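Q: Could you walk me through this one, starting with the place where the chains touch?

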Amino acid sequence: MQSKGNNYSKSDLHSFLGNHHSRNAVIQNQLSQGKEGGICCEDRPNIYCHGKNHKDAASVRATHPIPAACGIYYFEVKIVSKGRDGYMGIGLSAQGVNMNRLPGWDKHSYGYHGDDGHSFCSSGTGQPYGPTFTTGDVIGCCVNLINNTCFYTKNGISLGVAFTDLPPNLYPTVGLQTPGEIVDANFGQQPFVFDIEDYMSEWRAKIHGMIARFPIGERLGEWQAVLQNMVSTYLVHHGYCATATAFARATETLIQEDQTSIKNRQRIQKLVLAGRVGEAIEATQQLYPGLLEHNSNLLFMLKCRQFVEMVNGTDSEVRCFSVRSPKSQDSYPGSPSLSPRHGATNPHLHSAGADSPTCSNGVTPPNKNKSHNKYPGVSSASSSSSSSPSSVNYSESNSTDSTKSQPHSGTSNQETRCVASDSEMEIEAEHYTNGVAENSSTRIMNGTYKHQEILQAEDGSLGNGVAEDSCASRQLCGGNQAATERMIQFGRELQGLNEQLCREYGKNATHKKMLQDAFSLLAYSDPWNCPVGQQLDPMQRENICSALNSAILESQNLPKQPPLMLAVGQATECVQLMARVRSGSCSFARVDSFLH
Amino acid sequence: MQEVTATSRHYVDRLFHPDPQKVLQGVIDMKNAVIGNNKQKANLIVLGAVPRLLYLLQQGLSSSELRTECVVVLGSLAMGTENNIKSLVDCHIIPALLQGLVCPDLVFIEACLRCLRTVFISPVTPVQLLYTDPTVIPHLMSLLSRSPRTQDYITQIFSHCCKSPEHQTVLFNHGAIQNIAPMLISLSYKVRMQALKCFSVLAYENTQVSMTLVNVLVDGDLLSQVFVRMLQRNLPIEMQLTAAKCLTYMCRAGAIRTDDRCIVLKTLPCLVRMCSKERLLEERVEGAETLAYLMEPDVELQRIASVTDHLVAMLADYFKYPSSVSAITDIKRLDHDLKHAHELRQAAFKLYASLGSNDEDIRKKITETENMMDRIVSGLSESSIKVRLAAVRCLHSLSRSVQQLRTSFHDHAVWKPLMKLLQNAPDEVLVMASSTLCNLLLEFSPSKEPILESGVVELLCSLTQSDSPALRVNGIWALMNMAFQADQKVKGEIVRALGTEQLFRLLSDPDTNVLMKTLGLLRNLLSTRPHIDQIMSSHGKQIMQAVTLILEGEHSIEVKEQTLCILANIADGNTAKELIMTNDDILQKIKYYMGHSNAKLQLAATFCISNLIWNEEGSCQERQDKLRELGFVDILHKLTQALDPNLCERAKTAMQHYLA
């Protein structure tokens, strides 16, 4: 059954062990070969030994070192047979340690040996540590990367700390010496005998407690003011005018922005969220002249959205044709307001770190998130990968993946919102455009409203439209012929705008894609149930809404991102930094576990 | 002071106002005045506020608001010093409050329960007061479902008032388990915790409760699973520790097997963690004591615990309080350390005792722990009786090791403090100490000599006169060990000191153990021929009498066997032989036992005869003839055909002497 002598193939060795397992990291790992003699493997994931004396000792070790960011690392080894003398060592070793020896004998090598139960800490002489182990026993080795210690378990019982001050980048290692020794390693493919989850829960609680009880000492008063300011600015940012005012009154703080301005923004946001993008553009142009003219990207995005909403039948340009004006698409299931969902969003923020443990897909290097990072231009934004924050809203909705997982895509769009707006704004700041607004808004510019009137008069009607008629069958542009014609005309205008932008700034892949996706809707008889139908989801309005909001705020010399979000981003970044500097505790200090 | 009393007086006066509205306002003002003010509380009590409040409380005419406020004030008064509680109890507050529980108003009931809780958790309140009225417990049980607050208060009352097996039974019979079990999954942590505490008190050393608990289901889960979930490491320590206690008590009562996963992989490791340096001193004490209790009867658990998280070394830290650091840096810390130092030491000794009670390797590990023997030696002479007792228990556990007796026990002269401890100690310490001494007096123990020289005989003899059977056994056992292969001088001293009268009193002791060890002592005394002859010459008559008495009495096989062995020893003497040969009654008895159905007794009796007919120079012919006359030869013949090889062999040897 076992192959004899020295002839074993290396590929066999690599095939026999599965993954490193720990709660936070799933990293491919295998035990790699030791020396030419002695060790070979069977079909079963065992390690088998032929040696006779200490010169015949040989170790196998995992193909990857233990990642620091996993916090707590654990593996178990079952002694299938103790062979002749049971001279087995289980432990850790650094790269470059001689593999012809049992773990623990050499520098940067640590082991627990079965014959005498001693622990070997980079030394030929062991220290009395635990019981001996033999056939049938399951020995576990746990590396705690928070305090850099290691303890072993025997048959599910913790034997206490064996090593302290461990260096980083150790490899799980098993060494055998006498003939017939067979062991079987478990990196989590099977359930562990020791309750490692329970151990980790203790450390998670410890670290959470440490953070929660972080002493603030004398600065208690200061903190109070900072927190109030954070709440206040957050409310203002999102235009929760009444709440912000009430909060300011209760805490006796001041609001930077004046009421009218907040209400205006709120009004515009509501329009966008209700799918009435045309009106939103119009209101923006009235209230913030020059804003969109200087921000052609944003304008283009808005127009694209407007087109989508026309298809949807929600935009006022097509609604005016319809007898039954409000559309089902208006309805926001659950909450109609733009309320950011932190609990859901933050795991995604986390995942931006390349070496962050949860990182399940490549995503983006974290520094792209930085708010002060200026991108040279549009090209950079469009060149980044599809899941990059700077490639903004529509990329998300286009991917076929996201259509499959509707509930997720909604939230992930929300999350990219605040980050995405940064880069867009930066981009626009460098480019200059004019004439765009007139071009597309001639038809709309018929209003003679005063700002205040807009606010009062239409607030109610906005609300009404929402709930009503949500199960009525959906038809293109509300099923109205005139509206459809108007939509097609608008589409042509949009195409024109795109061409104009191309002439002025060169080709823009993002714009092109956006436009294509929007137009694709027309290719299907039922746009709501087509591969690009995701765009029609009211959730998709949130990104453009927040982009617009941020642009307005910035034009008023106000922060385009609320300090609260900045703080969350900073904390997230900090945890990622901890991961990079190999601080084990980072895996238990998740920002999202503090956001409820 | 005068002024304070004056204002207090004013508060009390207002309770007597004719207008009920004014009285209510008065009570509310009083409530606000006493909160956190111990002096004010004392004043009001002295000025007689309590009886008036109780009157208002019990008055049917009082509004429910007034009555509630009265209870709140009383509860506040109870929060003060122990003297306050005493005064309240003396004013019969308990029956008044219990009476109040009959009222339908939940707010009022909760106030009453809160106040009762405060009174009952005080150590000065006699817990019996809860049980005097038999309707109280059932009523409390029925109130458990009213609100989380009633659950919290009532379980606290139960936990503190359940101090004896009788109390456990009362609560059990009124359905405590069924009523409290659902609270273990309450949303409120407080309620969960109090319910858990209540179970730990109910299950302690109570088989009936434990056996019931193990079958209780809470929301589809077995109670033991619920407890195991409460052992999770991220939960508060208090909860982990109390859940571990519940499981420990259930295990000790036999409701959970000692090899069950929930004991081996959950409860035991949790208790070991409670002993770690990171825990508070109180938690470490409780953890160690509970762990000691858990594994006391089970060697496998002892073995597992001995390798878990370096427990043996971890316990050494229990002896380092107050630490030198605490003395210098922080007077508060020093005070705290000092308070717990005794508790820590006794807990560690208990746990060591439990760990080392069966396994030789563990004992070795313990004695090799830093300064362990020195610590035991100094523990034996500590002022705290608890520490002395635990230390001697630990020593006793370790004294079961032959190797340790030969080495560390001798090196550290443990017999010295042990002897000192034996001089005047309470019985429980004496039992342990004398039991340890028994082991130290084993013939291979190097401590035996110095102990003998220290005049231990008198002490042991006085122990044999104790009222406690355990002490009598240990006393006589030690003497027995001492007499084993001892020289004439020691034996003489034992006989002299004990006195024949006491010896024979012990031979009629109601405790079989005492009787067995006394016979053992006699047997050890009657060994080697010169000793036999000498003792029999001086005490022969009484000994023969005693032997006859025992052989005629209703005794176990073991006792009779031991007695026959004594006769065999006597028969081995030169002059002592005659005492048997001239006693036909005894010879008939020996004959009877040679034909007994029990092979052991047959063997012992044959031994005796064999000694009598032993062919040496002198008068053996005469004896042989007499025995032949009595028909012993025929019996021996028969016995040579016996099934038991030993008996057969012995009979054959005896026959050979006849032939010679």
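A: The contact, meaning heavy atoms within 4.5 Å, takes 14 residues from chain B and 17 residues from chain A. This is a predicted model, in which local features need pLDDT of at least 70 and side-chain atom pairs count only at pLDDT 80 or more, while totals for chains, interfaces and linings use all residues. Residues are numbered from 1 along each chain as its sequence is written, chains are lettered from A in the order in which they are written, and side-chain values use heavy atoms, with hydrogens and water left out.

Q: How much area is buried between chain B and chain A?
A: About 1300 Å², with carbon and sulfur atoms giving 50% of it; buried area is the accessible area (1.4 Å probe) that two parts lose on being put together, summed over both.

Q: Which helices of chain B each supply at least two residues to the side that touches chain A?
A: Helix H17 (261-274) and helix H19 (299-307) do, helices being DSSP runs (H or I, at least four residues) numbered from the N terminus. The largest share, 4 residues, comes from H17(B).

Q: New topic: what is the overall size of chain B?
A: Its C-alpha atoms fill a box of roughly 115 × 55 × 55 Å, taken along the principal axes.
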